[in-house]
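Here are a few friendly notes to read alongside the structure. Keep the 3D view open and look up each residue as it comes up.

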Amino acid sequence: MQELLPLIFLITTVVVIFVNILGLMQLIPLFITLPMLFISIYLTIYTFTHRNVYRGGMRG
């Protein structure tokens, strides 16, 4: 599942960009589409950058 999350969020970002274009044409309110776009871009960047972060070893 961890390998699939970046792909899912990338596809979600592309879909939300299309929805945002509809918002720019004033078919959907922008106050709905812009937060969706921000959240999808944030989650996409987060999953690509925090994939292989070393979290330290066990002590003791």
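1. Let's start with glutamine 26, which counts as exposed because its relative accessibility is 73%, and exposed means over 50%. Please keep in mind that this is a predicted model. You will find glutamine 26 in the loop between α1 and α2.

2. Stay with glutamine 26 for a moment and check its backbone: phi is positive there, at about 65°, although the residue is not a glycine. Most residues other than glycine have a negative phi.

3. Next, follow helix α2, which covers residues 30-49 and has 20 residues. From its first C-alpha to its last, α2 reaches 28 Å, close to the 28 Å expected at 1.5 Å a residue.

4. Which residues of α2 are buried? They are Thr33, Leu37, Ser40, Thr44 and Thr47. These residues lie on the same side of α2, because they cover an arc of only 110° around the axis. Part of what covers the buried residues of α2 is α1.

5. Finally, look at the surface patch formed by Met1, Leu4, Leu7, Ile8, Ile11 and Val15, which is nonpolar. Together these residues have about 580 Å² of accessible area. One of them, isoleucine 8, sits in helix α1, residues 5-24. Is isoleucine 8 buried or partly exposed? Its relative accessible area is 36%, so isoleucine 8 is partly exposed.

Technical notes
Residues are numbered from 1 along each chain as its sequence is written. This is a predicted model: local features need pLDDT of at least 70, side-chain atom pairs count only at pLDDT 80 or more; totals for chains, interfaces and linings use all residues. Side-chain values use heavy atoms; hydrogens and water are left out. Patches are made of residues with over 30% relative accessible area and no salt bridge: like charges are joined within 9 Å, nonpolar side chains (Val, Leu, Ile, Met, Phe, Trp, Tyr) within 5 Å. Accessible areas come from the Shrake-Rupley method with a 1.4 Å probe; for residues, only the protein chains shown count as cover. A salt bridge is a side-chain nitrogen of Lys or Arg within 4 Å of a carboxyl oxygen of Asp or Glu. Helices (H or I, at least four residues) and strands (E, at least two) are DSSP runs, numbered from the N terminus. Buried means under 20% relative accessible area, exposed over 50%, partly exposed in between (1.4 Å probe, protein chains only). The expected span of a helix is 1.5 Å times one less than its number of residues. The arc is that of the directions from the helix axis to the C-beta atoms. Contact means heavy atoms within 4.5 Å.
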